[in-house]
Amino acid sequence: MICSRNCGLLTGAIIGGVLAVFGGVLIPLGDYLVDRTIRKEDVIENGTIAYENWVVPGSPVYRQFWFYDVQNPEEVMNNGSRPILKQIGPYTYRMRYLPKENITQHPDYTVSYMLPNVARFEPDMSVGSENDTFTCINLAVVAAPAMYQNSFVQILLNTWIKSSNSLMLQTRSVKEILWGYEDPFLKKVLFPVERKIGVFYPYNGTSDGLYRVFNGKDDISKTAIIQSYKNKSTLSIWAGQCDMVNGTDGASFPPFVKKDRILRFFSSDICRSIYGIFDSEQIVKEIPLYRFTVPHGAFASPLETPENKCFCTETVLSKNCTASGALDISACKEGKPVYITLPHFLYASEDVTENIEGLSANKDEHETFLDVEPTTGFTLRFAKKLQINLLVKPAPKIEALSKLTKSYIFPVLWLNETAVIDDEKAAMFRSKVISSIKLLHLLQVVLIIAGCVMFLAFAISYCICKSNKLSE
């Protein structure tokens, strides 16, 4: 009877030990199964989860616009006073709701496509209608001296500006400023120029690309990384490393993202590649995410970030490349004096901010972030924010600009392109990815704990029984 009891206790201890060992073995085995599943489903190929969310964004993408309304237009135009600005917005548009076009898989494990540009106004998410007007910079007049620096040409331009009754500032609607309008000054110009102008003109009905990205089938660590943009791996805009097209388009990244990784992504809106660094852990609809933010260093002067030297293309406004926070992208905007900053001049140096009144930068409100699911690399929430500005500078030959006393960057608008995974996609993601991983980890923990408890309980009981037997 005693032998039977001891054998039972010993058997229980052995079973407990086996369960604990099996739980431990499940850790590398589970990691292998997760890795194998992700390597299959993260490939950009018809039939995978990645492909389904890649062809059309898995979440609605919106672009919100805030416009800067000039509060003291007469003082600015007549006395060269500092503009006092007041932001108006948001005016919201639905973007990226059409599927990618001309999708072609290539033998070198890449896939090419075009991104159709489309914007649909969302009145229920806006403070007013597309016909709301405000006082802003005159895009054509301000750009004229930057694009035509010859004195004789500027005299001609001044004649056409005056005859069209155009001034440095103008009143325009939301729709006109964004998507284009026939400019009265440009209609007077006798040599061939585009008569229509707008911050994003032309947009609707156009496409961005051609993009060519790695599909990850041969190397999962390259999934979604851009191989070429418009058939080139460089932009022919900047010098050195700044000209390279790096990273993905930001919608997804190669899987198994670590906190110490730098996430690089390319944005055709700002004509450059940029990057994000880990900021914090987030929970979105019960899905754990890593938040990556675009840091101050991405727009810092070469004094602070030496690798930014090749983004400095002029020395006057940048104070010999010592000013921070403004990127001159005129080289990719046909010579138009367009500058990109973060909203409200976030992270910009005083040389940039001192010429404008009414702005108030706020890191929480104005920084760009991407919330990435680390196992798959999918971006499930993001907010890409930037401000579009024009360089205004004195032009003695052009009356509308003759009262200016110095050159400075004049904000037009700022935008927030944002998306968050919807409830249906989140439920699908939790069931197919998160729940499976959690269940596997739970099984590992339960087996290890149960096995250890059984082993210790039965082993201790066996030892007690053995001790009692010896004492008898």
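Me: How many disulfides does the structure hold?

Reply: It holds 3 disulfides, a disulfide being a pair of cysteine sulfur atoms within 2.5 Å. This is a predicted model, in which local features need pLDDT of at least 70, side-chain atom pairs count only at pLDDT 80 or more, and totals for chains, interfaces and linings use all residues. Residues are numbered from 1 along each chain as its sequence is written, and side-chain values use heavy atoms, with hydrogens and water left out.

Me: What makes Cys242 and Cys310 a disulfide?

Reply: Their sulfur atoms lie 1.9 Å apart; the limit is 2.5 Å, so the pair qualifies. The link is right-handed, with 65 degrees about the S-S bond. It joins distant parts of the chain, 68 residues apart: Cys242 is in the loop between strand S11 (226–229) and strand S12 (263–267), and Cys310 in the loop between strand S14 (287–293) and strand S15 (327–328). Strands are DSSP runs of E with at least two residues, and helices are runs of H or I with at least four, numbered from the N terminus.

Me: Why is Cys310 called buried?

Reply: Buried means under 20% relative accessible area, exposed means over 50%, and partly exposed lies in between (1.4 Å probe, protein chains only). Cys310 has 18% relative accessibility, and therefore counts as buried.

Me: Is Cys332 buried or partly exposed, and how do you know?

Reply: The relative accessible area of Cys332 is 22%, which means that this residue is partly exposed. Cys332 is bonded to Cys271, with sulfur atoms 1.9 Å apart, and Cys271 is buried at 7%.

Me: Why is the disulfide of Cys271 and Cys332 called right-handed?

Reply: The torsion about its S-S bond is about 70 degrees, so the link is right-handed. The link of Cys312 and Cys321, with -90 degrees, is left-handed.

Me: How do you know whether Asp371 and Arg381, which form a salt bridge, are buried or partly exposed?

Reply: Asp371 has a relative accessible area of 0% and is therefore buried. Arg381 is at 21%, so this residue counts as partly exposed. The closest N and O atoms of the pair are 2.7 Å apart.

Me: What makes a set of residues a nonpolar core?

Reply: Such a core consists of buried Ala, Val, Leu, Ile, Met, Phe, Trp, Tyr and Cys residues joined through side-chain atoms within 4.5 Å. The largest one has 102 residues, and Ile137, Met168 and Phe185 have the most contacts inside it. Strand S19 gives the most to this core, with 8 residues. Another core of 10 residues lies apart from it, including Ile49, Ala50, Ile421 and Ala426.

Me: Which residues is Phe185 in contact with, leaving aside its neighbours within four places in sequence?

Reply: Contact means heavy atoms within 4.5 Å. Among the partners of Phe185 are Ala140, Leu157, Trp160 and Ile161.

Methods: A salt bridge is a side-chain nitrogen of Lys or Arg within 4 Å of a carboxyl oxygen of Asp or Glu.
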